Amino acid sequence: MINLLRAEWKKLVGNRMLAGFTIWLYPVGLFAFILVMGVIFVFGGDVGAELGSSWEGPMLTTWNLVTRFPNASIGRLPLLAFMAVMVAGEYEWGTWKSLVPRSARWKLLLAKMLAMALILVFSIGLTSLISGPFRYTFSTILGVETAPGLPSAERVTFYQAYVLETLLAFIQSMYLACFASLSALLTRTIVGSLLLSFGLSMLEMLSPILLMLLSRILVRPGMVNAYAYFPSYLIDNLRSWVLHAQPVYTGFPDFSNDMGAGATVLLLTVLLCGFGLLCIWLFQRQDITN
Amino acid sequence: MAADRPLFDPIMELSRTSAMLKGRMNPVLELDDLSKTFSGKKGRVEALCDVNLAISPHQVFGFLGPNGAGKSTTIRLMLDLIRPTSGRVLMHGVDVRSSREAVQSIGALVEDAAFYRFLTAHDNLSLLARTAGHDVNQVPGLLSQVGLGGNEHRAVKEFSTGMKQRLGMAAALLGDPEVLILDEPTNGLDPAGMHEMRQFLRMLVDERGKTVILSSHILSEVELICDRVAIIHMGRIVRETSVDELRRGRAHLRVEVEPVHTAASVLQPHWVVEVEAVKESLGWLRISTDEGQAPFILRELLEHDIDVYQMHAQHQSLEEYFLEATTAEKLDD
């Protein structure tokens with residue numbers, strides 16, 4: 001499995017053009033943005049507040065690109081595009097026929113999904129480091145007046161929150177990998193896979209609004225509680241339980257499903273395994289004809 | 001098109017006999033009542049119907065058929081890329097669907113070699129080696145073997161069709177598989193490259209004990225390299241024979257003699273003789289027999305004071321055999 005993961009990693013990173021415009025978009029873009037801000041500051045521009053803000057907050061909020069609405073609604077798109085191309089591409093490039101006889105199908109797909117999720121977490125993690133420590137250090141070198149850091153008593157909480165965000169981003173990335181794989185398995189084309197995975201991701205993220213509309217139309221207010229069974233809610237709820245020891249407040253009218261921490265973890269795991277197994281089952285049964 | 005060849009070639013005969021003896025060993029790969037039906041927008045299409053085939057080890061087995069006959073479907077079934085509707089593919093008696101090891105002992109080049117265009121030749125092969133759990137260190141050696149020694153760090157997108165085909169060959173050889181399945185292996189190669197590939201495949205069989213199953217449209221190539229051939233047509237195996245049997249079974253001698261009609265009447269009690277071209281008393285006889293009978297025929301003619309000007313042994317070419325097999329099937333339908 002380690003060999004398969006290494007092979008997948010090499011393949012994902014090896015597609016430099018695609019990776020450059022999708023998964024490396026955030027770290028490279030932010031790095032360039034900070035450099036430009038630095039140049040503007042050196043030439044007397046008024047950007048000190050942006051450059052010198054505290055480093056802990058941005059480090060945490062970077063993960064919202066994947067996990068939280070509304071940032072994730074746009075933030076996920078390049079990442080999903082990358083994953084959709086890398087899975088559907090195997091059909092269009094005809095490379096499955098070289099890979100499938102060499103390894104068990106379930107291992108191939110699982111390695112691909114894991115490698116994609118890991119690379120996404122790596123990319124967002126890198127972005128968070130650039131947005132926090134790198135920017136802060138760069139500002140200090142330039143002589144920008146920087147905001148004070150967190151008191152040491154709060155540091156432990158910050159590190160715990162950071163680890164939690166990383167873990168939640170990984171879980172969310174695994175869901176995205178499942179969406180991309182499912183779309184690719186069903187459509188077998190890059191374009192079809194792109195559209196379907198974008199659609200699935202948006203549908204999942206906008207599910208509370210859609211459920212609310214549907215519950216109003218059908219006059220069944222309880223319908224909105226179905227949102228509790230969607231990954232977005234479960235991830236928010238888990239975060240809330242770990243950080244605040246209480247269920248997340250969604251703010252949606254009629255929503256009253258306050259799920260416990262244990263049930264949240266269980267459901268999150270069952271759903272992820274279910275999606276993963278569905279992908280593997282479909283792939284296992286599929287004829288590789290191209 | 002008939003092909004002229006020397007009356008007796010001892011080296012060729014020895015090689016054929018050795019292949020025949022080897023052919024009596026237990027089969028390495030068997031197709032057991034294999035059928036495949038595809039369901040699509042146009043309804044159900046029966047791509048393969050109750051195919052039975054046993055391929056013996058240490059030989060080059062040619063798999064022939066017109067476009068859409070079911071060659072690629074059969075190859076994909078052998079590699080567990082598609083699931084049979086019924087029947088089994090057995091590797092040393094083990095169903096390839098139930099044993100990963102069975103499939104992994106088969107190296108394959110399916111249709112056009114498919115690689116990641118954005119990766120180098122070395123990276124592509126390393127990736128395939130890792131996927132199969134093979135040693136990555138064998139990659140440079142394999143690239144040299146197929147003549148891509150100086151190009152290992154070039155991206156595949158810069159490769160010509162022939163270079164990709166060579167890379168496909170190297171990929172098929174990863175892990176030193178017992179059986180090689182090659183779909184159109186000489187596709188895109190120039191004549192020198194085709195010759196090299198032929199020699200390479202022959203070396204793999206004769207010196208390294210591999211079994212090679214190849215499909216090709218270039219029948220003259222197949223005839224030159226294969227020990228046995230099977231012809232598939234409309235999803236069924238319509239003929240299967242050794243190339244040697246094919247040659248011997250349909251061999252004939254052509255003799256230019258004078259007077260031709262006297263010669264025909266001398267030979268007809270012993271052989272099936274047809275008078276072909278006649279110019280006055282000079283003409284050609286077509287005698288249905290192989291070159292082993294040539295001395296007796298010659299003696300018979302000379303004893304009857306018949307002048308013999310030329311004598312050739314001729315054989316039915318694979319192309320003729322192929323056309324006969326596939327046309328007969330069409331007429332039967």
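This is a predicted model: local features need pLDDT of at least 70, side-chain atom pairs count only at pLDDT 80 or more; totals for chains, interfaces and linings use all residues.

**The contact between the chains**

Chain A brings 23 residues to the contact, and chain B brings 24 residues. On the side of chain A that touches chain B, helix H1 (2-14) and helix H8 (96-99) each supply at least two residues, and the largest share, seven residues, comes from H1(A). Sorted by class, this side of chain A holds eight nonpolar, eight polar and seven charged residues.

**Nonpolar cores**

The largest nonpolar core has 145 residues, and those with the most contacts inside it come from both chains: A:Met83, A:Ala84 and A:Met116 are named together with B:Leu125, B:Leu167, B:Ala170 and B:Ile181. Helix H9 (residues 105-142) of chain A gives the most to this core, with 14 residues. When its neighbours within four places in sequence are left aside, A:Met116 is in contact with A:Leu12, A:Met83, A:Met86 and A:Ala177. Another core, of 14 residues, lies apart from the largest one, and B:Leu253, B:Val255, B:Leu267 and B:Ile306 are among its members.

**A helix pair in chain A**

Helix H7 (residues 71-93) and helix H11 (residues 190-205) of chain A pack with their axes 8 Å apart, at an angle of about 145 degrees, and their crossing is right-handed. The residues of H7(A) that meet H11(A) include A:Leu77, A:Leu80, A:Ala84 and A:Ala88, while those of H11(A) include A:Ile190, A:Leu194, A:Phe198 and A:Met202. By class, the residues of this contact divide into 13 nonpolar, five polar and two charged.

**Chain B and its domains**

The secondary structure of chain B comprises twelve helices and 15 strands, and of its 333 residues 41% count as buried. Among the contacts in chain B with a separation of 6 or more, 69% are accounted for by residues 24 or more positions apart. The domain assignment divides chain B into domain 1 (10-240) and domain 2 (251-315), and the C-alpha centres of these two domains of chain B lie 44 Å apart.

**Backbone details**

| Residue | Phi |
|---|---|
| A:Ala245 | about 55 degrees |
| B:Asp80 | near 60 degrees |

A:Ala245 is placed in the loop between helix H13 (231-244) and helix H14 (261-285) of chain A, whereas B:Asp80 is found in the loop between helix H2 (71-78) and strand E5 (86-91) of chain B. B:Asp80, by contrast, is buried, because 22 other C-beta atoms lie within 10 Å, and the cut-off for a buried residue is 20 or more.

A cis peptide bond, with omega about 0 degrees, joins B:Glu258 and B:Pro259. B:Pro259 has its place in the loop between strand E12 (252-258) and helix H10 (260-267) of chain B.

Terms used. Residues are numbered from 1 along each chain as its sequence is written. Chains are lettered from A and ligands numbered from 1 in the order in which they are written. Two residues are in contact if their C-beta atoms, placed from the backbone, lie within 7 Å. Helices (H or I, at least four residues) and strands (E, at least two) are DSSP runs, numbered from the N terminus. Ala, Val, Leu, Ile, Met, Phe, Trp, Tyr, Cys and Pro count as nonpolar, Asp, Glu, Lys and Arg as charged, and the others, Gly among them, as polar. A nonpolar core is a set of buried Ala, Val, Leu, Ile, Met, Phe, Trp, Tyr and Cys residues joined through C-beta atoms within 7 Å. A residue is buried if 20 or more other C-beta atoms lie within 10 Å of its own, exposed if 12 or fewer, and partly exposed in between; C-beta atoms are placed from the backbone. Domain bounds come from an automatic or database domain assignment. Axes are lines fitted to C-alpha atoms, for helices over the stretch in contact, and angles run from 0 to 180 degrees between N-to-C directions. A crossing is left-handed if the near helix is turned anticlockwise from the far one by less than a right angle, and right-handed if clockwise.
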